Amino acid sequence: TRKQDVSSNSSSLTTSNISSSSSSIEAPILYDEKVDLSYGEYERNKLNLYIPKNKASNGLVLFIHGGAWISGDKKDYYDSCKIYSSYGYLSATMNYRYASEDVTCEDILNDITSAITFIKDYVSSYDIDVDGLMLGGHSAGGHLSLLYGYKCKDISPVPVKGIISLAGPTDLTHKSYYTSETKDLAYKIFS
């Protein structure tokens, strides 16, 4: 857990604070960072949660990593989470089980539901009632955000209000997804 009291670091930034040496200036941290929280029973069911200190919004921004459904990591969105939290949004970045012969796209969607449920329950102790969800991701993460937003909106523990899909594939019928090397796995994942 990473915490810092903003009021204890409230000195103003002036040119006298900046030197030409290699020392860096540390900005006040406007959020509490919770690292590697387990939201499910599988090894990859981990998330990082960024809880804004000012609690300006009750919305959740959840980032889902890319990596062709078989690689990638939540760390890709640490900076994005920190930015959104500094503006008062609850934010998180999650890992999900990689697609495989044993893990389908439906299983990954269940991981997303589990992560959202966990976050909603976890932040209730901070007197935060999450009332809206923005899903976002790149590539496979964008695809999963879109798929969850449309397919799972009625079962989502938090209402889906928006989706940020950065290069998320939307036409999985294209033959390039079903090459001779990946055909069997692709049919299993997307069926």
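1. Buried is taken here as under 20% relative accessible area, exposed as over 50%, and partly exposed as what lies in between. On that scale Tyr84, at 31% relative accessibility, counts as partly exposed. The model discussed in this note is a predicted one.

2. Overall make-up. The protein has four helices and six strands. Read from the N terminus, the order of the elements is β-β-β-α-β-α-β-α-β-α. The chain has 191 residues, and 41% of them count as buried. The accessible surface is about 10300 Å², with 50% of that area belonging to carbon and sulfur atoms. Where residues at least 6 apart in sequence are in contact, 70% of the contacts join residues at least 24 apart.

3. The tyrosine patch. Ile83, Tyr84, Tyr87 and Tyr89 make up a nonpolar patch on the surface. Together these four side chains' residues account for about 440 Å² of accessible area. Tyr89 sits in the loop that runs between helix H1 (78–86) and strand E4 (90–94). Its relative accessibility is 36%, so Tyr89 is classed as partly exposed.

4. Aromatic pairs. The model contains six aromatic pairs. One of them joins Tyr84 and Tyr89: the ring centres are 6.2 Å apart and the planes meet at 70°, so this pair is edge-to-face. The cut-off that matters for the label is an angle over 60 degrees. Ring pairs also connect Phe63, Tyr77, Tyr84 and Tyr89 into a cluster.

5. Arginines over rings. Two cases can be inspected. Arg44 lies over the face of Tyr98, 3.8 Å from the ring centre. Arg97 lies over the face of Tyr42, at 4.0 Å from the ring centre.

6. The structure holds four salt bridges. In one of them Arg97 pairs with Asp111, and the closest N and O atoms are 2.9 Å apart. Arg97 belongs to the loop between E4 and helix H2 (105–123), while Asp111 is in helix H2, so the bridge ties together parts 14 residues apart in sequence. Both ends are buried: Arg97 has a relative accessibility of 13%, and Asp111 has one of 3%.

7. Asp36 and Lys74. The side chains of these two residues form a salt bridge of 2.7 Å, N to O. Asp36 is in strand E1 and Lys74 is in the loop between E3 and H1, so the pair ties together parts that are 38 residues apart in sequence.

8. Lys53 and Asp32. Here the salt bridge is 3.3 Å, N to O. The pair links distant parts of the chain, 21 residues apart: Lys53 is in the loop between strand E2 (46–52) and strand E3 (59–64), and Asp32 is in strand E1 (residues 31–38). Lys53 counts as partly exposed, at 33% relative accessibility. Asp32 is buried, with a relative accessible area of 10%.

9. Points to check on screen. Strand E1 carries Asp32 and also Asp36. Arg97 can be viewed together with the face of Tyr42 and with Asp111.

Key
Residues numbered from 1 in each chain as written. Predicted model: local features only at pLDDT ≥ 70, side-chain atom pairs only at ≥ 80, totals over all residues. Heavy atoms only, no water. Patch = residues over 30% accessible without salt bridge, like charges linked within 9 Å, V, L, I, M, F, W, Y side chains within 5 Å. Areas by Shrake-Rupley, 256 points an atom, 1.4 Å probe, with all protein chains shown as cover. Helix = DSSP H or I, 4+ residues; strand = E, 2+ residues; numbered from the N terminus. Buried < 20%, exposed > 50% of the residue type's maximum accessible area, 1.4 Å probe, protein only. Phe/Tyr/Trp six-rings, centres within 6.5 Å; stacked < 30°, edge-to-face > 60°. Lys NZ or Arg CZ within 6 Å of the ring centre and 35° of its normal. Contact = heavy atoms within 4.5 Å.
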